[in-house]
Number of protein chains: 2
Amino acid sequence: MTNTIDHTQGIDKKADTDAARIDSELDASARLPKRSTGSGVVVARTDVEWLGRYLLGSWAEVRLAARELTARPEMQRIEGQSLDEHRERVFGQLKLLVEDGQVHRAFPKSVGGEDDHGGNIAGFEELVTADPSLQIKSGVQWGLFGAAVLHLGTEYHHRTFLPGIMSLEVPGAFAMTETGHGSDVAAIGTTATFDEATGEFVLDTPFRGAWKDYLGNAAKHGIAAVVFAQLVTKNVNHGVHAFYVPIRDAATGEFLPGIGGEDDGLKGGLNGIDNGRLHFDGVRIPRSNLLNRYGDVSADGEYSSSIASPGRRFFTMLGTLVQGRVSLDGASVAAAKIALTVAVTYGNQRRQFTAGSDTDEEVLLDYQLHQKRLMPRLATTYAASFAHEKLLTKFDEVFSGVADTDEGRQDLETLAAALKPLSTWHALDTLQEAREACGGAGFLAENRLVGLRADLDVYATFEGDNHVLLQLVAKRLLSDYSRRFAKADFGVLARYVVEQAAGRTVNGSGLRSFAQTVADLGSTARSVGQLRDSAAQRQLLTDRVETMVGEVAGKLRPAVKLSKKDAADLFNLHQSEIIEAARAHAELLQWEAFTEAIEGVDGTAPEGLDDGTRVVLTWLRDLFGLGLIEKHLAWYLINGRLSPSRARAVGLYTERLSARLRPHAQDLVSAFGYGPEHVRASISSGAEKARQSEAREYYRAARAAGTLPVEEKKLGTTK
Amino acid sequence: MTNTIDHTQGIDKKADTDAARIDSELDASARLPKRSTGSGVVVARTDVEWLGRYLLGSWAEVRLAARELTARPEMQRIEGQSLDEHRERVFGQLKLLVEDGQVHRAFPKSVGGEDDHGGNIAGFEELVTADPSLQIKSGVQWGLFGAAVLHLGTEYHHRTFLPGIMSLEVPGAFAMTETGHGSDVAAIGTTATFDEATGEFVLDTPFRGAWKDYLGNAAKHGIAAVVFAQLVTKNVNHGVHAFYVPIRDAATGEFLPGIGGEDDGLKGGLNGIDNGRLHFDGVRIPRSNLLNRYGDVSADGEYSSSIASPGRRFFTMLGTLVQGRVSLDGASVAAAKIALTVAVTYGNQRRQFTAGSDTDEEVLLDYQLHQKRLMPRLATTYAASFAHEKLLTKFDEVFSGVADTDEGRQDLETLAAALKPLSTWHALDTLQEAREACGGAGFLAENRLVGLRADLDVYATFEGDNHVLLQLVAKRLLSDYSRRFAKADFGVLARYVVEQAAGRTVNGSGLRSFAQTVADLGSTARSVGQLRDSAAQRQLLTDRVETMVGEVAGKLRPAVKLSKKDAADLFNLHQSEIIEAARAHAELLQWEAFTEAIEGVDGTAPEGLDDGTRVVLTWLRDLFGLGLIEKHLAWYLINGRLSPSRARAVGLYTERLSARLRPHAQDLVSAFGYGPEHVRASISSGAEKARQSEAREYYRAARAAGTLPVEEKKLGTTK
């Protein structure tokens, strides 16, 4: 149906020469000779089946199996349940996951698992379409509580604790965050002091701000917890370590002696999870309950660690928990896909206002503004989806041991810290735009957009506040920068660009490396059409990241000579710039992932990508890339990277690309592969189309029968 | 406490000359000689009491009385109630409003009211802080259902129906929207056909899409409704009219014969309101139930109207209902004030990460990024607050009859259509940013940000979808433009600017008028400092609106020669530009309102504004104005209105202004005048400050006693 729409939409080409010129350029690019046969023209079309399979990525079978599971009503959210009902339902769903054998994938073969790290995350993140509470509560039990025992513990802990965790016999909390400390974990107040006399650790909460807080499973279901605390032995604080601590009597559900807590109560979303608070007063646990992979205490109280630097040890321990961020990235992409499936489907059915006709109203998606609201978000969703696949692959490489080096882990953490903020914010933005684009219907719970948005809200601040994560990325960029240019003069560095040859995109780390090659930036976009060239987009996006990093590095250079306080103030004076550079870097990573998905590494297109689909995906990638440039247009103008006339062309391009992609919108959301059983929004069920057809048929029949009253305005004036 | 902070924050002035230059300019402006005495220097400070009173505006006493009411626990929302409980609670609160004599203000003295239109809205919009459901359900009963009877009916209807409506004896629905038609009311499908034989109107719902939908009071409490339907008599459709229709048996609560309906069920928010659907099958009502102020049918079926044009008649009828938009504008501003009160208070107490000290962590609001997230939103909230006061005044003038002309009504509608989109989106944006700025604590229902956001979500699309409203504004701008320049050549119009002398701001209509005077735009901002001059900001903002309107008018000029279909396509091709011009216009109106609030009309400052407060408010206005210019910086650069170096200075300015205003943030939110009984967020209650103090005292005492363990990193390496 959508393919019959004329995307030139009656443009008066004389009046709109710019738009017409852009359209003819787009026509020309769509009509390139077929690469393979060398004859004929390419018609833009979408091979939905191929694209759908391609989007499923490396763990396609796991995802498909997870989608069969999330299609089952008993796994799905019931809107409007009370807090208690919702909590019990989700807890019950966790048991179904265990029965279904879904939870063992990431665990070691020695305890009955599969050692499949990428597949495990791929499967779990799909749970978000059933109910985000289910995804997150599973994440708490197996991805945080279980993973901490797995990654921070050693063989004894695996053998002793993992079976109960895997079977859900022991539901547990991941007690890291405190009321007084969210993202700054190093500063938590809880202490675990070794008592040589008894060979025990004694856990204490010294003040109210050190209560553990926002912990899933803590308010009700948890009977144990992995508690993060400052490890003190022989009056030395060795920093934050993790301890396995029983917290409730499994039979009665009562707190064990010395342990207390509170229910966090109702939240803005995710109410299927029983978040709560915990505090400890002289709680004693055996020495062996220290999860001692990275730091241990001997029976006589001597501390030892394989990592000498307390700072690096801390970050190594925290780094094992990166999977939370990876899975939030993937779940956010899935939620954005659901939102766009709803909004695009409804926008293709819903009619409102007559424009060019006396009788037929326009379908919403034919309005330019509606396209402008949805199409760029569709492009970003594709970019985020391809970027997530790269992140998940990197994660699997590190955790499977294929690429488990210090540098590999740091690269993984940086990549996750870069992508998670963008995808979580993108999901919220897309859910909200989809909700508004569906009008009042979008506000009804039955259409799911409001519920998903409410649940995903907190994704922006948990598992690392988005701004804090971007600041981590920036620090990595700055340290890479200073390592490379440690001895160079700043004047030399002021203009430097990409070292990679075109096509050699992201290096192994997911981080672009820096180089001195200076390109003539003025020539990147000789004609407006060249902006659509991959190399031109790459250069514009890369140049911005590198220039921003270089500039801020230069401004921070005096810090080495300053007092600690003044250096901190100097950093703070440039904090916004620093975070903006990290965001630009993350956007570039998404763009590179999208480009690689179409062009392949070294220009080898993916198998089975036909020319028509390639044209559509390239338009979509261009919309994403030029959309980024448009978003930061003032920067490109201020810094002389684009002339005013070329800058103006960017906005026209994104507008025309949105119109050009409009007939493909339904195909592009179909390729996400979510059926009605996953989307579950009555407005995108076809009901709207049926109502529209009924209304149009009513008027058609009444006109034909002559029973439709004459309109007063067609009669002339009335007294 | 906040006043002790040094806002230069240790800037290395040599390293950051730009920031230092801007700071010294800001210092200079703050140290202007006092206007009145001519001696001494002005210290920036906020007279919270004066400013608080000033913000209360013309209906200060009504607002204060309403705030006493909203401070009562029985008027307030209980988080976590079920749908049914919440609906019953809010219905009960409506009865309390009646008992309290709150609902009579807008109604005629003849039926016991006070004919106080502005005061009525001022009081009602304050209800949002108690529970947005209470505000909206009151709005449905008295602002829509009751107001329709009042404004569309005549003396018979007032006498017969208003007493029951005012006393809540007759709860009612405002049945305008249909499932198939939201913002396009003219196209609704419900018909009211006059039957000469019986002297009755017969109401029918011809198909499913014509069911009335999203109607407050329809699912449960409503026993009558004002139903909008196509009035048909003698086989002529006279367009949409309003009818008073009993829908339920008051005793049994059952639908009357021929009427059916459904519950809309759970929504994303506002669940204290029982939204539902209604449909009609041959429902007969007496002829006298037509609300016949603007159109009537005689006993023998002759239609008559005082307004000849069906189009103008329709818009006149709808125009009487503008108060919904006015009150959403005001309520949104109030919600943004609550959000900022929470986030600024928490940001001034919460500490996270040590920056320049070994022991003390920074207060969140000392971080540059945190300032950048909150201070511009504080500035926009002030702008929106002052703009709302102008709108409310205009509303009162029209409805009280002081300025009740056709033009006055059109101006009011345009002003409401311009401001409501900006303020509703601003409230959502501010609530979300405040939620994220408070981290996980912001996500707890007890801190209210998530609940308010969920409730206000739908404000963006009800009482007129925001984009549709902006398009209405744009059409008004375009028609004003073409009227003024009907005979002029387009070449002459290509460059035209403000006709108003500086200080003569918005004309009576709230719309800037257009003029041919050409200013040398290149000279507007000779030095970066001049950007802070009111006249320079005004010129930059006005020029953008006028240039955009002029450009789009030129592009649409060929439409008159095109077929209806092609003209619609041409309009659609420029829809985004059109709406962007309207948005720019609305932003300018907010800026003008803010400026007038400080400088007064004709440069006469408001009584009692001292110089210190004037400096703070001027910084805040500058942050708003320069923030708008920064947001649209690419436009200014592309169109040659700002040079690249001046454009760069804009961003630096807003950053330094945010830092400069930071010590005044607490005062600026205190002036909103909402006490703990209105804010009701435990994180801004002082509990956080107490926790922080307790933690700091614990460490201080332990250090003093020598009981704090030594940190490993201070000992050197461990094995």
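# The model is predicted.

Q: What does the UniProt record say about residues 173-283 of chain A?
A: An unreviewed UniProt entry carries the annotation "domain: Acyl-CoA oxidase/dehydrogenase middle" for residues 173-283 of chain A. Such annotations may be inferred rather than shown by experiment.

Q: How many salt bridges does a search of the whole structure find?
A: Side chains of opposite charge can pair when their charged atoms come close. The search finds 92 salt bridges over all chains.

Q: Which parts of chain A does the pair R277(A) and D213(A) tie together?
A: These two side chains meet in a salt bridge, 3.1 Å from N to O. R277(A) lies in strand β8 (residues 276-286) and D213(A) in strand β4 (residues 212-215), so the pair ties together parts 64 residues apart in sequence. Both R277(A) and D213(A) are buried.

Q: Where do the partners K220(B) and E88(B) lie in chain B?
A: K220(B) forms a salt bridge with E88(B), and their closest N and O atoms are 2.9 Å apart. K220(B) is in the loop between β4 (212-215) and β5 (224-233) of chain B, while E88(B) is in helix α4 (residues 83-99); the pair links distant parts of the chain, 132 residues apart. K220(B) counts as partly exposed because its relative accessibility is 41%. E88(B), at 36%, also counts as partly exposed.

Q: Which residues are joined into one network by salt bridges that share partners?
A: The network consists of R63(A), R67(A), E125(A) and E126(A).

Q: How many residues does helix α14 of chain A have, and what is found at its start?
A: Helix α14 (residues 466-484) of chain A has 19 residues and reaches 27 Å from first C-alpha to last, close to the 27 Å expected at 1.5 Å a residue. At the start of α14(A), a side-chain oxygen of D465(A) comes to within 2.9 Å of the backbone nitrogen of H467(A). The buried residues of α14(A) include L469(A), L470(A), V473(A), L477(A) and Y481(A), and also R476(A) and D480(A).

Q: Which residues have the most contacts inside the largest nonpolar core?
A: That core has 351 residues, and those with the most contacts inside it are W142, F228 and Y382 of chain A together with W142, F228 and Y382 of chain B. Leaving out residues up to four places away in sequence, Y382(A) touches L51(A), L55(A), F594(A), L617(A), L620(A), L668(A), A671(A) and F672(A).

Q: Is C438(B) buried or exposed?
A: C438(B) counts as buried because its relative accessibility is 4%, under the 20% cut-off. C438(B) sits in the loop between α11 (406-437) and α12 (439-443) of chain B. Beyond neighbours within four places in sequence, C438(B) is in contact with V342(B), A343(B), Y346(B), L449(B) and I683(B). C438(B) and K631(B), 193 residues apart in sequence, are 25 Å apart in space, C-alpha to C-alpha.

Note on methods: Residues are numbered from 1 along each chain as its sequence is written. Chains are lettered from A and ligands numbered from 1 in the order in which they are written. This is a predicted model: local features need pLDDT of at least 70, side-chain atom pairs count only at pLDDT 80 or more; totals for chains, interfaces and linings use all residues. Side-chain values use heavy atoms; hydrogens and water are left out. Helices (H or I, at least four residues) and strands (E, at least two) are DSSP runs, numbered from the N terminus. The expected span of a helix is 1.5 Å times one less than its number of residues. Buried means under 20% relative accessible area, exposed over 50%, partly exposed in between (1.4 Å probe, protein chains only). A polar contact is a pair of N or O atoms within 3.5 Å; within protein, one must be able to donate a hydrogen and the other to accept it, and residues adjacent in sequence count only if both atoms are side-chain atoms. A nonpolar core is a set of buried Ala, Val, Leu, Ile, Met, Phe, Trp, Tyr and Cys residues joined through side-chain atoms within 4.5 Å. Contact means heavy atoms within 4.5 Å. A salt bridge is a side-chain nitrogen of Lys or Arg within 4 Å of a carboxyl oxygen of Asp or Glu.
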